[in-house]
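Dear colleague,

Please find below the structure that I am handing over to you.

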Amino acid sequence: MIALGQIPVTSNIKKNLDTVKKVLDQVKAGTIVVFPEGALTGYTPEKEDFISTIDFEQLSESHTYCEYIAKQREIAILIGSVEKEGDRFYNATYIFSSEGRQTYRKVNLAFHDKKHFAAGSALPIFTLQGIKVGVLMCREIMYPEQWRALALKGAQVLIHLNNTLGPDKYLLWKSYLISRAGENQRYVVSVNCAGSGRGCPTMVVSPKGKPIVEITSDQLVVKEIDLDLGEVQDYYLGQRRTDLVDVVEK
């Protein structure tokens with residue numbers, strides 16, 4: 001079971017966590033819950049003081065709560081936040097589950113991201129509730145080789161945490177999600193934040209490239225959906241001309 005937690009995201013960590021709790025209160029044991037990019041911290045990298053205004057003590061308490069509730073409720077949580085390591089910061093997806101906490105650090109940073117964040121350097125696969133999952137964030141939608149690499153590594157579901165504005169992008173970004181699913185024959189689960197002027201819907205797309213869920217509401221929406229992993233195939237991947245072109249993770 002996948003639960004989409006499309007929530008409004010603010011710059012107030014406590015307010016964001018309160019909203020996250022409203023979603024978590026609704027999901028069942030065994031569920032993988034997906035939230036947007038920056039869901040805990042907010043996401044305003046266009047502001048010069050973005051990092052300096054984050055209360056990292058309060059953020060750490062939010063991470064601890066999510067880790068606790070994931071273990072207690074037997075769920076997995078994927079949520080956007082900021083990871084601090086020494087004097088470096090990463091735009092990260094935190095993954096909380098019975099295994100504890102793990103992170104994916106955004107690899108392909110947006111222009112504004114680069115003012116604040118170091119880039120990640122790995123494309124891990126996470127096993128959550130028995131499902132092999134690859135994680136991507138926002139503008140990484142534009143790098144199909146990154147999605148292909150995760151599919152080749154065995155990801156059954158490609159989870160995309162999003163936080164994008166600009167209705168002029170809507171049809172293009174929606175088409176990207178459909179393409180990433182169909183070309184890799186994997187489920188694509190993409191969760192954007194709630195609000196007006198979104199640049200992409202919250203979506204679930206089947207391995208056949210068929211949209212199953214499309215949410216454009218500016219309100220909090222929780223949507224649960226079962227995935228039929230029998231639809232995941234390697235038919236196209238197995239026919240690639242790797243003697244001419246190949247995707248290789250370095």
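Two strands count as paired if DSSP finds at least two bridges between them. In this predicted model, strand E4 (residues 88-97) and strand E5 (residues 100-105) meet that condition, with six bridges in the antiparallel sense. One of the bridge partners is Arg 105 in E5, which stands across from Ala 92. The link from E4 to E5 is a hairpin of two residues.

The sheet

E4 and E5 belong to an open sheet of six strands, whose order is E5-E4-E3-E2-E1-E12 and whose pairing is mixed. E5 and strand E12 (221-225) form the edges; each has a single partner strand, so one side of each has no neighbour in the sheet. From one strand to the next, the twist averages 30°. On its other pairing, E4 runs antiparallel to strand E3 (residues 76-85), and nine bridges join the two. Within that pairing, Ile 77 is opposite Phe 96 of E4.

Ala 76 is also part of strand E3. Is Ala 76 buried or exposed? Its relative accessible area is 1%, and because buried means under 20%, Ala 76 is buried. Beyond its neighbours within four places in sequence, Ala 76 has contacts with Thr 31, Ile 32, Val 33, Phe 96, Ser 97, Leu 128 and Gln 129. Thr 41, by contrast, is 35 residues from Ala 76 in sequence and 19 Å from it in space, C-alpha to C-alpha.

The nonpolar cores

The largest nonpolar core contains 42 residues, and Ile 32, Val 34 and Ile 159 have the most contacts inside it. Strand E7 (residues 131-137) contributes the most to this core, namely five residues. Another core, of 29 residues, lies apart from it and includes Phe 35, Leu 40, Leu 59 and Leu 109.

Which residues does Ile 32 touch, if those up to four places away in sequence are not counted? They are Met 1, Ile 2, Ala 3, Ala 76, Leu 78, Leu 128, Gln 129, Ile 131 and Ile 159.

A buried residue in a loop

Asp 113 is found in the loop between E5 and strand E6 (125-128). Its relative accessibility is 0%, so Asp 113 counts as buried. Sequence neighbours within four places aside, Asp 113 is in contact with Tyr 43, Pro 45, Asn 91 and Lys 106.

Two packed helices are described by the angle between their axes and the distance between the axes. For helix H3 (residues 144-152) and helix H4 (residues 170-184), the angle is about 35° and the axes are 10 Å apart. The crossing of H3 past H4 is right-handed. On the H3 side the contact involves Pro 144, Trp 147, Arg 148 and Ala 151, and on the H4 side Leu 177, Arg 180, Glu 183 and Asn 184. By type, the residues of this contact are four nonpolar, one polar and three charged.

Leu 237 belongs to the segment after E12. With a relative accessibility of 6%, Leu 237 counts as buried. Apart from neighbours within four places in sequence, the contacts of Leu 237 are Arg 148, Ala 151, Leu 152, Glu 183, Asn 184 and Arg 186. Phe 50 is 187 residues from Leu 237 along the chain, and their C-alpha atoms are separated by 41 Å.

With kind regards

Note on methods:
Residues numbered from 1 in each chain as written. Predicted model: local features only at pLDDT ≥ 70, side-chain atom pairs only at ≥ 80, totals over all residues. Heavy atoms only, no water. Axes fitted to C-alpha atoms, helices over the stretch in contact; angles between N-to-C directions. Helix = DSSP H or I, 4+ residues; strand = E, 2+ residues; numbered from the N terminus. Left-handed = near helix turned anticlockwise from the far one by under 90°. Contact = heavy atoms within 4.5 Å. Nonpolar A, V, L, I, M, F, W, Y, C, P; charged D, E, K, R; others polar. Core = buried A, V, L, I, M, F, W, Y, C linked by side-chain atoms within 4.5 Å. Buried < 20%, exposed > 50% of the residue type's maximum accessible area, 1.4 Å probe, protein only.
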